[in-house]
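Thanks for coming. Please bring up the sequence and the model, and I will go through a few places in the chain.

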Amino acid sequence: MTSSRFFRIALVLGLLSAIGPFAIDMYLPALPEIGSSLGAGIGPVQMSLTAFFISLGVGQLLYGPVSDMVGRKPPLYFGLGLFALASIGCALATDIQMLIALRFVQGLGAAAGMAIPRAVVRDLHTGNDAARLMSLLMLVFSVSPILAPLVGSAVIAFTGWRGVFWAVTIAAVVGLATVASVLKETRPAEQRVESSLGSALKAYGVLLRDTHYLGLVFIGAFAMAGFFTYLANSSFVMIDHYGLSPTLYSVAFGVNAAAFFGAAQLNGPLCERFGIVRVVKSSVSACGVVMTLMFAYYLSGGDRLAVLIVLYFIASALMGFVIPTTSVLALEKHGAIAGTASALLGTLQMLTGSVVMAVVGAFTNGKPLPMVAGMAAGALIAVVLTWFTLGRGQREVYAAG
């Protein structure tokens, strides 16, 4: 594959992957306003976020096998269309229950853009080339958490929170046009001959018995769970507790996101030099140390915004080394069922994040400690899983190239 086509594929897949998260990140600054507008407390407003994550995870279970059976493009058309319709409904919601229900439907549509691009990466590449493409995809994907909160703040200032959902509707329409005009089918008909509902169920059985695959999936899942906890709680902590404006909150959020995606761009050369397994083990361990320090600081009574931002900046960078690479490792040996493997990976990671968000939400009081405790717990569980899955006895089998 030529360099120009390599970058073009990364651009398209990154934009498709970003549409769903854009619908999360763009409305984060509006969470307090949504509560006021619809007469809802912190818990119900956070439930609109949790509902999106749950359906974003569950929906991938459907799109993955279907994309193995009918190709990658048809499920993308359906998912983006469903997302657009649900986004219009969210913009017109009259109460929090209606918004939660429509966010669930919106997540089902967005799931196509999460599961299928990973499968396309596996269709095209393995090993370090796959890690490089996945990292480039993540670079494009980074437009969401870096720019979306700022764009959301601007949209909210002029149109109120409902304008956010009209904006993501437009993004979905652009995504549909991109799939139709640019993306080529990477799952040709001859590779779909033996794909069926029965083979999909069999494939899920194979994956659920593969402890190495599951270990890698859950390393990424618990690393991401800390980020999900931050997503659900940071706007209340930084705006209500620390007194930041929505715009300054968006800047703080974007800085941490930039650390994640900036670090992800080093995955290619680091994996080529040290090996993918060593990069994952070192990064997960370092992230666990940083998050433990943050938790100890707040548990001891500390309460400075600068400490939260600096330490989470470092942790975010370390997660940028972990999440793309664990996805590549998990899919490495499952090329024949890449769509199904990608779907199960996404589902388990989203559901893990949703459960952690719900648990932390039960203790949420608008202060940093519950949020930090949830973030630290996710990082430490990832450390334990890493040493069980990729311990000293694990041979480095992911050779360069």
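Helix 12, residues 267–274, packs against helix 13, residues 276–299, at an angle of about 110°, and their axes are 7 Å apart. An angle of 65 to 115 degrees counts as roughly perpendicular, so helix 12 is roughly perpendicular to helix 13. On the helix 12 side, the contact is made by Asn267, Leu270, Cys271 and Phe274, and on the helix 13 side by Ile276, Arg278 and Val279. By class, this contact of helix 12 with helix 13 has five nonpolar residues, one polar and one charged.

Before I continue, a word on the model as a whole. This is a predicted model. Its mean pLDDT is 83 over the chain, with 88% of the residues at 70 or more. Over residues 395–401, however, the pLDDT is below 50, and this stretch has 13 contacts in the model beyond near neighbours in sequence. Where pLDDT is low, the predicted coordinates should not be read in detail.

How many helices and strands does the chain have? The secondary structure comes to 16 helices and zero strands. Of the 401 residues in the chain, 59% are buried. If we take contacts between residues at least 6 apart in sequence, 87% of them join residues at least 24 apart.

Helix 4 covers residues 73–91 and helix 5 covers residues 96–124; their axes come within 8 Å and cross at roughly 155°. Angles over 145 degrees count as roughly antiparallel, so helix 4 is roughly antiparallel to helix 5. The crossing of these two helices is left-handed. Residues in the contact include Pro75, Leu76, Gly79 and Phe83 of helix 4, and Met98, Leu99, Arg103 and Ile116 of helix 5. By class, the contact of helix 4 with helix 5 divides into 15 nonpolar residues, six polar and one charged.

Ser48 sits in helix 3, residues 42–70. Is Ser48 buried or exposed? Ser48 has a relative accessible area of 0%, so it is buried. Apart from neighbours within four places in sequence, Ser48 is in contact with Tyr27, Leu99, Ile100 and Arg103.

The crossing of helix 10 and helix 15 is right-handed. The residues of this contact divide into 18 nonpolar, seven polar and no charged.

Ala362 is in the loop between helix 15 and helix 16. Ala362 counts as exposed because its relative accessibility is 63%, and the cut-off for exposed is over 50%. Ala362 and Gly43 are 319 residues apart along the chain, and their C-alpha atoms are separated by 8.3 Å.

Ala154 has a relative accessible area of 38%, so it is partly exposed. What is the distance in space between Ala154 and Thr247, C-alpha to C-alpha? They are 8.1 Å apart in space and 93 residues apart in sequence.

Note on methods. Residues numbered from 1 in each chain as written. Predicted model: local features only at pLDDT ≥ 70, side-chain atom pairs only at ≥ 80, totals over all residues. Heavy atoms only, no water. Axes fitted to C-alpha atoms, helices over the stretch in contact; angles between N-to-C directions. Helix = DSSP H or I, 4+ residues; strand = E, 2+ residues; numbered from the N terminus. Parallel < 35°, antiparallel > 145°, perpendicular 65-115°, else oblique. Left-handed = near helix turned anticlockwise from the far one by under 90°. Contact = heavy atoms within 4.5 Å. Nonpolar A, V, L, I, M, F, W, Y, C, P; charged D, E, K, R; others polar. pLDDT = per-residue confidence, 0-100. Buried < 20%, exposed > 50% of the residue type's maximum accessible area, 1.4 Å probe, protein only.
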